[in-house]
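Here is a friendly walk through a protein model for someone meeting it for the very first time. Have a look at the sequence and the structure below, then read on.

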Amino acid sequence: MRTSRLRTVRPVLWAGWAALAAGAVLCVVGWYGVSGERFAERQLPYLASCTVPGAALIIAGAVLLGHGRSSIAAARVEELYGLLVAAEPAAADETGRAVLAPLAVSGELLMVPGGTLWHRADCPLVAGKAEAVPVDSKLVASGELGPCPICEPAEETD
């Protein structure tokens with residue numbers, strides 16, 4: 001799916017770059033022609049035949065590049081959506097809502113000194129942190145620490 005969209009986007013990007021280059025060349029030629037003429041009536045043909053079309057090509061090239069890049073971004077979003085949809089669906093409970101497997105299942109509870117949450121030991125927020133210490137049950141009982149919304153540790157502590 002992604003390669004087919006990119007095949008249609010790449011010519012648009014190449015056309016945008018070509019229009020920008022051609023517009024820049026025309027503007028330089030127009031400027032060179034205007035700079036070589038003393039009288040305004042002799043400068044007008046260079047403006048009409050080179051500078052104005054060159055500026056139009058630069059604008060067209062910028063529009064084509066913008067469109068091509070937004071198409072690439074749309075292709076990436078579609079690819080990510082396809083990966084998301086292709087993932088196995090979670091099991092549903094009796095209400096029809098998806099039930100996700102817990103992120104962490106360890107029974108050991110940890111906290112980070114100065115933090116406001118307590119976590120399971122295998123929670124991604126504290127896993128591998130040397131400063132994580134076992135939870136003080138007095139802090140949990142006083143309400144100074146709350147349960148982590150990621151790993152959802154049990155309410156009761158030892």
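The structure holds zero disulfides, a disulfide being a pair of cysteine sulfur atoms within 2.5 Å. Cys50 is in no disulfide, and its nearest cysteine sulfur, that of Cys27, is 8.9 Å away. Cys50 counts as buried because its relative accessible area is 11%; buried means under 20% relative accessible area, exposed over 50%, and partly exposed in between (1.4 Å probe, protein chains only). Cys123 is buried too, with a relative accessible area of 0%.

A word on what you are looking at: this is a predicted model, in which local features need pLDDT of at least 70 and side-chain atom pairs count only at pLDDT 80 or more, while totals for chains, interfaces and linings use all residues. Residues are numbered from 1 along each chain as its sequence is written, and side-chain values use heavy atoms, with hydrogens and water left out.

**The helices**

Helices (H or I, at least four residues) and strands (E, at least two) are DSSP runs, numbered from the N terminus. Val28 sits in helix 1, which covers residues 2-35. With 52% relative accessibility, Val28 is exposed. Between Val28 and Gly54 there are 8.6 Å in space, C-alpha to C-alpha, although they are 26 residues apart in sequence.

Helix 2 covers residues 40-86 and includes Tyr81. His67 belongs to helix 2 as well, and it is partly exposed at a relative accessible area of 45%. His67 and Gly16 lie 51 residues apart in sequence and 9.3 Å apart in space, C-alpha to C-alpha.

Tyr81 is exposed, since its relative accessible area is 56%. Together with Leu84 and Val85, Tyr81 forms a nonpolar surface patch of about 360 Å² of accessible area. Such patches are made of residues with over 30% relative accessible area and no salt bridge, where like charges are joined within 9 Å and nonpolar side chains (Val, Leu, Ile, Met, Phe, Trp, Tyr) within 5 Å. A salt bridge, in turn, is a side-chain nitrogen of Lys or Arg within 4 Å of a carboxyl oxygen of Asp or Glu.

An unreviewed UniProt entry lists residues 12-34 and 46-66 for "transmembrane region". In the model, residues 12-34 are 100% helix and 0% strand, with end C-alpha atoms 32 Å apart. Residues 46-66 are likewise 100% helix and 0% strand, and their end C-alpha atoms lie 29 Å apart.

Two strands pair if DSSP finds at least two bridges between them. The pairings are set out here.

| Strands | Sense | Bridges |
|---|---|---|
| Strand 3 (residues 109-111) and strand 5 | antiparallel | two bridges |
| Strand 3 and strand 4 (residues 117-120) | antiparallel | three bridges |
| Strand 4 and strand 6 | parallel | two bridges |

Leu110 stands opposite Pro134 in strand 5, while Met111 has Trp118 in strand 4 as its bridge partner. Trp118 also stands opposite Pro147 in strand 6. The hairpin of strand 3 and strand 4 has five residues between the strands, and there Gly114 takes a positive phi near 90 degrees.

Technical notes: Areas by Shrake-Rupley, 256 points an atom, 1.4 Å probe, with all protein chains shown as cover. UniProt positions renumbered as here; feature names shortened; annotations may be inferred.
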